[in-house]
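Here are my notes, as promised, in numbered points. Have the model open on your screen while you read.

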Amino acid sequence: MKQMSLSTTGFERKTKRTRKREFLDEMNLVVPWAELVGLIAPHAPARGAKGGRPPFAVETMLRIHFLQQWFNLSDPAMEEALYDTPMFREFARLDMGEDHLPDESTILRFRHLLEAHDLSLQILATVNATLTAKGLLLKQGTVVDATLIAAPSSTKNSTGARDPEMHQTKKGNQWHHGMKAHIGSDADLGLVHSVTTTAANAHDITQAHALLHGQETDVFADSGYRGIEKREEIQAKHPDVEWHIAMMPGKRKAMDKSTPMGSILERLEKTKASIRAKVEHPFRVIKRQFGYVKVKYRGLAKNTANLMTLFALSNLWMVRKRLLNMGAQG
């Protein structure tokens with residue numbers, strides 16, 4: 001049977017914009033590529049004195065790194081995706097006919113470069129500086145919260161042991177093994193400005209002092225943070241902050257809402273809850289939109305760097321429509 005060419009199949013006329021294509025087009029427009037490349041370039045390897053194949057462009061490797069975060073791909077899976085998915089090669093600005101593509105070792109080395117120079121933290125800071133300049137990241141209010149990230153509990157690995165930096169904790173009636181991601185987010189749009197990590201069994205309240213940027217006047221948190229204003233590190237670093245902590249669920253349920261005072265307190269709790277809800281948005285984005293529900297690496301340091309990048313990208317994703325509208329109006 002004679003093989004049909006693409007020119008005769010009508011393939012080139014199929015111009016449907018898939019959700020994945022639209023997503024990449026939008027992110028391509030809102031990521032501050034020039035600033036991020038300028039941040040990483042001084043640390044990137046240069047071409048060897050003896051010649052040889054030149055290293056891939058920093059922007060190309062950064063685009064590949066972001067593709068990994070958006071689609072939850074391992075290093076080997078990312079290498080295969082570059083071969084299998086023309087759209088990914090196009091986004092990474094690789095020649096569609098290029099035979100030599102970044103392999104998993106090259107992708108791994110770029111991630112190690114970011115980790116070695118704490119560049120993930122600087123990526124988050126650079127993205128947030130861009131959003132602040134556009135009036136999207138406000139400073140008056142912060143919401144703090146934490147979420148559990150699962151880690152492998154099996155000991156069937158090369159070391160025969162669990163990751164010593166992970167731990168188990170009980171939430172409700174269920175046990176979880178892994179780590180916690182603690183964040184401080186803007187009370188207006190839920191954009192993340194601070195990130196710390198601990199083993200899963202660490203109490204949320206222990207990281208609260210590290211989640212404030214120092215310029216907020218009000219902080220909102222759930223009932224797990226009650227008593228926070230009395231802690232020594234809070235009094236030392238953030239003595240003037242007004243804390244708005246949710247009432248304990250049992251106490252709220254028992255409250256007589258038919259009385260004038262009960263009615264006022266109930267409205268106050270609903271107002272605090274509506275503000276606290278903003279902090280759940282970035283958690284939803286990284287877990288549901290980006291598929292990050294399990295740690296990718298051993299140890300807190302590597303996973304913390306990974307989370308810094310994820311939250312930087314989630315910030316851009318959450319305000320992408322606003323950024324695109326600003327660009328259209330500008």
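Which residues does N315 touch, not counting residues up to four places away in sequence? Hold that thought; the reply is in point 1.

1. **N315.** Leaving aside residues up to four places away in sequence, N315 touches L124, N128, L131, L191 and V192. Keep in mind that you are looking at a predicted model. N315 sits in helix 13, which spans residues 300-318. Its relative accessible area is 0%, so N315 is buried; the cut-off for that label is under 20%. As for L113, that residue is 202 residues away from N315 in sequence, and the two C-alpha atoms are 23 Å apart in space.

2. **The whole protein.** Stepping back, the secondary structure comes to 14 helices and six strands. The C-alpha atoms fill a box of roughly 85 × 55 × 45 Å along the principal axes. There are 330 residues in the protein, and 45% of them count as buried. The accessible surface comes to about 17900 Å², with 52% of it belonging to carbon and sulfur atoms. If you take the contacts between residues at least 6 apart in sequence, 69% of them join residues at least 24 apart.

3. **Helix 3 against helix 4.** Now for helix 4 (residues 58-71) and the helices it packs with, starting with helix 3 (residues 33-40). The angle between these two is about 110°, and their axes are 10 Å apart. Anything from 65 to 115 degrees goes down as roughly perpendicular, and helix 3 and helix 4 are therefore roughly perpendicular to each other. On the helix 3 side you will find W33, L36, V37 and I40, and they meet V58, E59, L62, R63 and F66 of helix 4. Sorted by class, this contact has seven nonpolar residues, two charged ones and no polar ones.

4. **Helix 2 against helix 4.** Helix 2 (residues 19-30) has an axis that comes within 13 Å of the helix 4 axis, and the two cross at roughly 130°. That angle makes helix 2 oblique to helix 4. The crossing is right-handed. Helix 2 brings K20, F23, L24, M27 and N28 to the contact, while helix 4 supplies R63, L67, W70 and F71. By class, that gives six nonpolar, one polar and two charged residues. Note R63 here: R63 is listed in this contact and also in the one with helix 3.

5. **Helix 4 against helix 5.** What is the angle at which the axes of helix 4 and helix 5 cross? Roughly 110°, and the axes come within 10 Å. Helix 4 is therefore roughly perpendicular to helix 5 (residues 75-84). Helix 4 passes helix 5 in a right-handed crossing. I64, L67 and Q68 of helix 4 make the contact with D75, M78 and L82 of helix 5. These residues divide into four nonpolar, one polar and one charged. L67 belongs to this contact and is part of the one with helix 2 as well.

6. **Two residues with positive phi.** Most residues other than glycine have a negative phi. N72 is not a glycine, yet has a positive phi of about 55°. You can find N72 in the loop between helix 4 and helix 5. With a relative accessible area of 35%, N72 is partly exposed. D118 is another residue other than glycine with a positive phi, near 55°. D118 lies in the loop between helix 7 (104-116) and helix 8 (119-133). Is D118 buried or exposed? Exposed, because its relative accessible area is 52% and the label starts at values over 50%.

7. **M255.** Not counting residues up to four places away in sequence, M255 touches M247, G262, L265 and E266. L265 is ten residues from M255 along the chain, and their C-alpha atoms are separated by 8.9 Å.

Conventions
Residues are numbered from 1 along each chain as its sequence is written. This is a predicted model: local features need pLDDT of at least 70, side-chain atom pairs count only at pLDDT 80 or more; totals for chains, interfaces and linings use all residues. Side-chain values use heavy atoms; hydrogens and water are left out. Axes are lines fitted to C-alpha atoms, for helices over the stretch in contact, and angles run from 0 to 180 degrees between N-to-C directions. Helices (H or I, at least four residues) and strands (E, at least two) are DSSP runs, numbered from the N terminus. Angles under 35 degrees count as roughly parallel, over 145 as roughly antiparallel, 65 to 115 as roughly perpendicular and the rest as oblique. Contact means heavy atoms within 4.5 Å. Ala, Val, Leu, Ile, Met, Phe, Trp, Tyr, Cys and Pro count as nonpolar, Asp, Glu, Lys and Arg as charged, and the others, Gly among them, as polar. Buried means under 20% relative accessible area, exposed over 50%, partly exposed in between (1.4 Å probe, protein chains only). Accessible areas come from the Shrake-Rupley method with a 1.4 Å probe; for residues, only the protein chains shown count as cover. A crossing is left-handed if the near helix is turned anticlockwise from the far one by less than a right angle, and right-handed if clockwise.
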